[in-house]
Amino acid sequence: MNQPTITQQLKQQAKRLGFELAGVCPASKALSFERFLHWLDAGYAGKMDYIARRAAAYEHPRNVLQDARSLVMLGMSYSGDAPQPPQTGQGRVARYAWGTQDYHDVIHKRLKLLSAYLVEQLPDCHVRGVVDTAPLLERDYAVLAGLGWVGKNTLLLNKERGSWLFLAALLTDAELEYDTPFKTDHCGTCQACLDACPTNAFPQPYVLDATRCISYLTIELREEIPEDLRSGIDNWLFGCDICQEVCPWNQHAPQTGEKSFLSADSFNPMELTALFDMDDEAFRKQFRQTPLWRSKRQGILRNAAIVMGNHRSPSAQAALHKGLNDTEPLVRSACAWALGRYANLTARQELAKRLEVETSPHIRREIQSALQGA
């Protein structure tokens, strides 16, 4: 079977497996590798040390699959219902995490099926499927495969699907027929994404300072969220969609056909007070199969406390009292800050009571600062 036929059949199989976008490009040096190294040198990766540790591997796909010659770049949409406006005591969850399953699990299963299909056609070929965990600059190769362009918010944009896309790649040592790279940047003079970011995470177009990005702060950061950025988090419990929601190319993106990505009522938006009633086991049972597991219980409760501090609700205060005495220092610290913004007698009493028994110097300072504010 010749290259064009195999490639076309492989794309058709990808569509049958739920990938709305499929394109093929050669395995070559990443287009933005030098810019990626400068990004790291600027400190924009923050505490994501795992990126820097394997920085050299991002240069070429052969560091993911030895002797790689072709990449099948794939896009699966997760665009669903419009977000419901959160009420006081609720937090927003980024759309990609609304579903009932972790997208990694969903897509990996499809990639295994697609890999098996290619091996059936070319029994001697080697294949590896990856979903955003391998050292691969996926957006570079998506552009080379003709799927779209990289927007000013650093996300891949497709004219029909917008940026509500999970990207995946199938690497193989087989030589396939390659698509024409996408050449045009359709962002033009628009900078809605840059203007809308509440934490000023874009120092310039096409550059993201992750240390100021709400998604990084609520998901990747394992420490206290810097105080000057807490108010910008507003009501985001997990991730952020602002720079995508304002993008004109996303206004008419069709809804995903993957049911497991559609909104679970409890995630759009999420009630916050109940989170403080969960121990580690209960949290694991509730979120182990979802993207929220990445932040673990202490990260989610930290974020919930920040949201409660930004949107003060009398009904949420009791949960913060409980969190102030949590076993996790990260949770206690965030709850102390939040209670300091309630400015009432009960909050002051709870803070003073905790100060009497708190042994962490850092949290004691947080409580003392909160008491001054309360």
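1. C190 is partly exposed, with a relative accessible area of 32%. Here, partly exposed is the range between buried, under 20% relative accessible area, and exposed, over 50%, using a 1.4 Å probe and protein chains only. The closest cysteine sulfur to that of C190 belongs to C193 and is 6.5 Å away, too far for a bond. Another cysteine, C335, counts as buried because its relative accessibility is 0%.

2. A word on the ground rules. This is a predicted model, in which local features need pLDDT of at least 70 and side-chain atom pairs count only at pLDDT 80 or more, while totals for chains, interfaces and linings use all residues. Residues are numbered from 1 along each chain as its sequence is written, and side-chain values use heavy atoms, with hydrogens and water left out.

3. If you wondered about disulfides, a search of the whole structure finds zero. A disulfide is a covalent bond between the sulfur atoms of two cysteines; in this search it was taken as a pair of cysteine sulfur atoms within 2.5 Å.

4. Helix α1 covers residues 3–16, and its end C-alpha atoms are 20 Å apart, which agrees with the 20 Å that its 14 residues should span at 1.5 Å a residue. The expected span is 1.5 Å times one less than the number of residues. Helices here are DSSP runs of H or I with at least four residues, and strands are runs of E with at least two, numbered from the N terminus.

5. Which residues of α1 are buried? They are I6, T7, L10, K11, Q13 and A14. Seen down the helix axis, these buried residues fall within an arc of 160°, so they line one face of α1; the arc is that of the directions from the axis to the C-beta atoms. They pack against β1 (21–26), β2 (70–77) and α4 (103–121). Just after α1, G18 takes a positive phi of about 105°.

6. What does β7 pair with? Strand β2 runs antiparallel to β7 and is joined to it by eight bridges, with V72 opposite L170. Strand β4 (residues 127–130) is also antiparallel to β7, through four bridges, and there V127 stands opposite T172. Two strands pair if DSSP finds at least two bridges between them.

7. T290 sits in the loop between α10 (280–287) and α11 (296–310), and it is buried, with a relative accessible area of 5%. Its side chain reaches the backbone oxygen of F287 at 2.9 Å. Leaving aside neighbours within four places in sequence, T290 is in contact (heavy atoms within 4.5 Å) with D102 and F267.

8. Some backbone details deserve a look. The peptide bond from N268 to P269 is cis, with omega near -5°, and P269 lies in the loop between α9 (242–245) and β9 (270–271). D132 is not a glycine, yet has a positive phi of about 50°; this residue is in the loop between β4 and α5 (138–144) and is partly exposed, at 37% relative accessible area. K296, in helix α11, has a positive phi near 60° and is partly exposed at 32%.

Key. Polar contact = N/O pair within 3.5 Å; in protein donor to acceptor, adjacent residues only side chain to side chain.
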